Structures are given as structure tokens and as C-alpha cells.
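Good morning, and thank you for making the time. I would like to take you through the helices of one model and a few of the residues in them.

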Amino acid sequence: MQGLKGKTIIVTGGGGGIGGATCKRLAQEGAKLAVLDRDLGAAQKTAAQITEAGGTALALACDITQRTDIDAALAQIEAQLGPVDVLVNNAGWDVFKPFTQTNEHEWERLIAINLTGALHMHHAVLPRMVERRAGRIVNIASDAARVGSSGEAVYAACK
């Protein structure tokens with residue numbers, strides 16, 4: 001990776017396994033990380049590991065299914081870290097069971113997190129990137145979307 005020094009990067013689901021590892025790796029390249037997660041404690045743990053290693057990180061509780069949460073987080077990120085250069089849409093959630101055993105509430109939650117949440121994030125950061133004529137968005141998908149996966153019908157459709 002090159003050219004990330006001083007760049008402001010948002011990682012959704014940054015308190016989790018893939019998200020946390022992504023944050024740490026990007027920080028090693030000199031990026032300033034906005035670690036977003038519904039679980040503030042998890043986000044704070046990732047951010048603390050980054051700052052202890054000499055990096056810059058801001059932990060924020062953010063439910064990407066709620067546009068008001070995103071707008072509030074984005075305002076804080078821009079005030080403390082600067083304009084967003086990169087968005088990594090990593091947050092995700094799944095229910096592992098046969099489709100016939102799922103229910104509408106689970107489908108709505110899966111769609112809200114895995115699809116609508118990512119769209120909310122795009123809608124929040126993209127206009128600023130277009131205005132600056134700079135920026136990148138990385139969407140973390142799943143092989144389940146490409147080939148399907150037993151017990152993950154709705155998840156696969158969202159990813």
C-alpha cells in the first residue's frame with residue numbers, strides 16, 4: 001500500500017475482526033483512522049491499539065442503519081481528522097440458518113445493515129469526495145454473494 005500517509009479513512013465495523021485488522025493495517029501506513037462500530041467499547045479497543053502503536057485513531061459509536069448517527073459521526077470525524085479520503089464499508093451481520101426458519105424481522109435487519117447501511121455511508125461521504133474530486137470507497141463483500149452459501153440466503157442477496 002502506498003500513498004496513505006495522513007489520509008483520513010473511515011472503517012465501519014472497525015471494532016470487529018476484519019474491520020479491526022483493516023484499521024490496524026491502514027494505520028501502519030500512516031493513515032488517520034475513524035473506527036466506527038455499534039459497539040463503542042470494541043471501537044475504542046481498536047483505536048487504543050492504533051494509538052499505542054503511534055498511530056492516529058478516533059473511536060465512534062455509529063449504527064450505520066441510522067443516517068443521523070452517520071451524519072453526527074461524519075461531522076466529528078471531519079472536525080478532528082479532516083476530510084474523509086477513503087471509506088471502507090466493512091460492517092456486516094448475518095443469521096446462519098435455513099431460509100425457511102428465518103423471519104421478516106431478521107430479513108429487515110440483514111438488509112438494513114448489509115445493504116442500506118452501506119448506501120447510507122456512500123450517500124454521506126460521496127458528495128464531499130466528488131466536490132474535492134478525490135476519494136475512494138471500498139466495499140467489503142462476501143463470496144456468499146457470488147456463489148451463495150447454505151444458511152445465508154438473505155445475507156448473500158445483500159452482499
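Leaving aside its neighbours within four places in sequence, which residues is Ile111 in contact with? I shall answer that in a moment, after a word on the basis of the values. This is a predicted model, in which local features need pLDDT of at least 70 and side-chain atom pairs count only at pLDDT 80 or more, while totals for chains, interfaces and linings use all residues. Residues are numbered from 1 along each chain as its sequence is written, and side-chain values use heavy atoms, with hydrogens and water left out.

Now to the answer. With neighbours within four places in sequence set aside, Ile111 is in contact (heavy atoms within 4.5 Å) with Thr116, Val154 and Cys158. Ile111 lies in helix H4; helices here are DSSP runs of H or I with at least four residues, strands are runs of E with at least two, and both are numbered from the N terminus. Its relative accessible area is 35%, so Ile111 is partly exposed. On this scale, buried means under 20% relative accessible area, exposed means over 50%, and partly exposed is in between, with a 1.4 Å probe and protein chains only. From Ile111 to Gly92 there are 19 residues in sequence and 9.8 Å in space, C-alpha to C-alpha.

Helix H4 also holds Glu106. Is Glu106 buried or exposed? Its relative accessibility is 12%, and therefore Glu106 counts as buried. Not counting residues up to four places away in sequence, Glu106 touches Trp93, Val95, Lys97 and Gln101.

In the loop between H4 and strand S5 (136-139) we find Arg133. Most residues other than glycine have a negative phi. Arg133, although not a glycine, has a positive phi of about 55°. Arg133 is exposed, with a relative accessible area of 77%.

Let me turn to the packing of H4 against helix H3. Helix H3 (residues 67-81) and helix H4 (residues 104-132) pack at an angle of about 35°, with their axes 9 Å apart. The axes are lines fitted to C-alpha atoms, for helices over the stretch in contact, and the angles run from 0 to 180 degrees between N-to-C directions. H3 and H4 cross in a right-handed sense, that is, the near helix is turned clockwise from the far one by less than a right angle. On the H3 side the contact is made by Arg67, Ile70, Asp71, Leu74 and Glu78, and on the H4 side by His120, Met121, His123, Ala124, Val125 and Arg128. By class, this contact has five nonpolar, two polar and four charged residues. Ala, Val, Leu, Ile, Met, Phe, Trp, Tyr, Cys and Pro count as nonpolar, Asp, Glu, Lys and Arg as charged, and the others, Gly among them, as polar.

What of H3 itself? Its 15 residues reach 20 Å from first C-alpha to last, close to the 21 Å expected at 1.5 Å a residue; the expected span is 1.5 Å times one less than the number of residues. The buried residues of H3 are Ile70, Ala73, Leu74, Ile77 and Leu81. They cover an arc of only 105° around the axis, which puts them on the same side of H3; the arc is that of the directions from the helix axis to the C-beta atoms. Thr68 and Ala79, on the other side of H3, are exposed. The cover over the buried residues of H3 includes S1, S2, S3 and H4. Gly82, which follows H3, has a positive phi near 105°.

Helix H1 may be read in the same manner. The 12 residues of H1 (residues 17-28) should span 16 Å at 1.5 Å a residue, and the end C-alpha atoms are 17 Å apart, which agrees. Buried in H1 are Gly19, Gly20, Cys23, Leu26 and Ala27. Seen down the axis, these buried residues fall within an arc of 135°, so they line one face of H1. Against them pack strand S1 (8-12), strand S2 (32-37), helix H2 (40-52) and strand S4 (86-89).

At 0% relative accessibility, Cys23 counts as buried. Beyond four places in sequence, Cys23 is in contact with Val11, Gly14, Leu33, Val35, Thr46 and Ile50. The C-alpha atoms of Cys23 and Leu33 are separated by 6.5 Å, with the two residues 10 apart along the chain.
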